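The following questions and answers examine a protein model step by step. Please look at the sequence and the structure before reading on.

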Amino acid sequence: MTPEIAFVLVLFGVTMVLLATELVSPDAVALSLLVVLVASGIMTAEEAFRGLASETIVVLACVMVLSRRLAASGIVKRFTTAMIAGRKRSCRGIMTQIMLVAAGLSMLFSNTSTTAVMMPIATDAARRVSCRPSLLLMPMAFASIMGGSATLIGTSTNLAASGVVTRMGLEPFGLFEFFWIGVTVTIAGTALMALFGHRLVVIAEDDLSGDRPDESYLATIAIEEGSDDDGRAVSELGLKDLGLVPLAVDRRKGRVSAHPRRKLHASDRIIVRGSAETLAQLIRDGRFNLYGTGHRAPGRTFAEAVVLPGSHWIGSTVARMRRQVGRDIAVLGLRRLHPEQVARISRMRLKAGDMLLLAGTEEAVEQFSTDIDVHLLTEMTPPLPTLREGWFTLAAMFGAILAGATGVLPLSIALLAAVLVLVVTERFSMQDVFGMISWRVLILIGGMSGFGVAMLETGAADWLAQLILQWVAPAGTLAVLLALSMLTVVLTQPMSNAAAALTVLPVAMEIAHSLGVDPRPLVIIVTLSASLSFVAPLEPALLLVYGQGRYRLMDFVRAGLPLTALSILIVIGLVPLIWPL
């Protein structure tokens, strides 16, 4: 092992830790990688930034704009509602239909946009057939990911991988190159959930009646100077009668337990846990001041929002968010995927998947909903843009896809032309375009693609490839393919799916060269394995339904493991048949 290989492998390890712990935002990690690689002499600046200036970045940015615009217009929701409406079906029947519709939509739109649009439709359909929404939401999110894997633009992972393999000397992936594999996985995955979904998607019985303790929001009640509550005991506040659970009392000298007989004083902060409805009612009644909102809430519009992976809010405290969003909106409570120690929410640093309970004016909440780094679960009406503008956007997008698929124009130019047509016809402005692009996702993909090239050039990818071959090659080529796929799936747990694919792709290239086989089947297996990982709810599409369906982490593990295993078996079985080794 050369010093360069060791250096790159150490960087790889540090990157995994930073992405898993979210100590530093993912985009900052990606840019830091480029700085270190250039400063160490491993890459030139031109090589480092080539990934950020690639055709893939343009395609992904245009898809973000068009998908977000379509989702906001309401046209996709109207279409899906019409498809699902009709005669009354069983829970199993409506699950199958919703999954197929979600999979079909995500082939053209991003799986995140599809999930966001389908959530209220799935919830309404569940009520109509008298089954729990949680039984439909998780399978629907799974289906959007399965369908997205069928096309180049259905998921950012496929697009990111296409850009990297192009830099490695291979032909970019075609728009519908993965179509038949994606369709096969979708059909098999839908059948699996339809047959065994009632057993795989396990939700506690109290999902029917109310919030479970670990799914309620953390909030902080302030005892103000001159308040009637100054000098009262915790039990005298009547918090339990209001549906609140007192967890601790935060004082200037430290935190103490919320013992029922503990006397409270001005400047004390009581950390409580309660449902969204309970906290909203406190604001309406006006008796208690939820710390950070002032004596009165800035408005009477309430909403729930989820922090998405790659968000610029990750690492920021709730107090900092409150300052940045302004006085017209307040953060009332916070709910976390993996509950940690009790803390005053203003001091908690945000993580991907955190649920926020907001209160504010209607205008402020609507403005907050335009932040692409969070997803508002409360539907804002009327939709903006209008339905008519949605039809224009849909026509432009289909025209671009047709031009790209037939070779009339490169896909990047066709999609860029579609966006520009909508700008020139004043459907939206360039300022709107820049606001609809998740720049942090683009930076993460561009930075990690540069790191993948560095792994190839330094020989680190070859070193890892030889290590894998040493242990697995004696078992045959099929075992090598399975090992690559499993390595990718494992890395999607601490890293994003796209980052995991970009890390393993250079290893797949070197394994192909060592075995003397065509590298394309191997890089396709890595790409699809990253796209089809369902074990942890860290993909944006899964995060969106996590809180809405009142799931626990193990619910995704229980349902996602068999679905991931089935998907990998299909990929391993079909790829060598379609792309011979």
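The model discussed here is predicted.

Q: Is cysteine 131 buried or exposed?
A: A residue counts as buried under 20% relative accessible area. Cysteine 131 has 10% relative accessibility, so cysteine 131 counts as buried.

Q: What span does helix H18 reach from its first C-alpha to its last?
A: Helix H18 covers residues 460-472 and has 13 residues. At 1.5 Å a residue, a span of 18 Å is expected. The reach of H18 is close to that expectation, at 18 Å.

Q: Which residues of H18 are buried?
A: An α-helix has 3.6 residues a turn, so residues three or four places apart point the same way. In H18, the buried residues are Ala460, Ala461, Leu464, Ala465, Ile468, Leu469 and Val472.

Q: Which helix gives the most to the nonpolar patch?
A: The nonpolar patch lies on the surface and has about 770 Å² of accessible area together; its members include Val58, Val408 and Trp439. Helix H15 (411-424) and helix H16 (430-436) each supply at least two residues of this patch. The helix that gives the most, with 3 residues, is H15.

Q: Is valine 408 buried or exposed?
A: Valine 408, one of the residues of the nonpolar patch, is placed in the loop between helix H14 (387-406) and H15. The relative accessible area of valine 408 is 61%, and the cut-off for exposed is over 50%, so valine 408 is exposed.

Q: What is the relative accessible area of phenylalanine 288?
A: Phenylalanine 288 is placed in the loop between helix H11 (276-285) and strand S5 (289-290). Beyond residues up to four places away in sequence, phenylalanine 288 touches Ile221, Asp229, Leu237, Leu239, Leu242 and Leu282. Phenylalanine 288 is buried, with a relative accessible area of 4%.

Q: Which residue meets aspartate 250 in a salt bridge at 3.6 Å, N to O?
A: Aspartate 250 belongs to strand S2 (residues 245-251) and is buried, with a relative accessible area of 3%. Not counting residues up to four places away in sequence, aspartate 250 touches several arginines, among them Arg255, Arg344 and Arg347. The side chain that meets aspartate 250 in the salt bridge belongs to arginine 347.

Q: How many residues apart in sequence are the parts that arginine 520 and glutamate 177 tie together?
A: The side chains of arginine 520 and glutamate 177 meet in a salt bridge (3.0 Å, N to O). Arginine 520 lies in helix H21 (residues 519-531), whereas glutamate 177 lies in the loop between helix H9 (156-167) and helix H10 (179-200), so the pair ties together parts whose separation in sequence, in residues, is 343.

Q: What is the N to O distance in the salt bridge of aspartate 354 and arginine 336?
A: Both aspartate 354 and arginine 336 are buried. The side chains of aspartate 354 and arginine 336 meet in a salt bridge, and the N to O distance is 2.6 Å.

Terms used. Residues are numbered from 1 along each chain as its sequence is written. This is a predicted model: local features need pLDDT of at least 70, side-chain atom pairs count only at pLDDT 80 or more; totals for chains, interfaces and linings use all residues. Side-chain values use heavy atoms; hydrogens and water are left out. Buried means under 20% relative accessible area, exposed over 50%, partly exposed in between (1.4 Å probe, protein chains only). Helices (H or I, at least four residues) and strands (E, at least two) are DSSP runs, numbered from the N terminus. The expected span of a helix is 1.5 Å times one less than its number of residues. Patches are made of residues with over 30% relative accessible area and no salt bridge: like charges are joined within 9 Å, nonpolar side chains (Val, Leu, Ile, Met, Phe, Trp, Tyr) within 5 Å. Accessible areas come from the Shrake-Rupley method with a 1.4 Å probe; for residues, only the protein chains shown count as cover. A salt bridge is a side-chain nitrogen of Lys or Arg within 4 Å of a carboxyl oxygen of Asp or Glu. Contact means heavy atoms within 4.5 Å.
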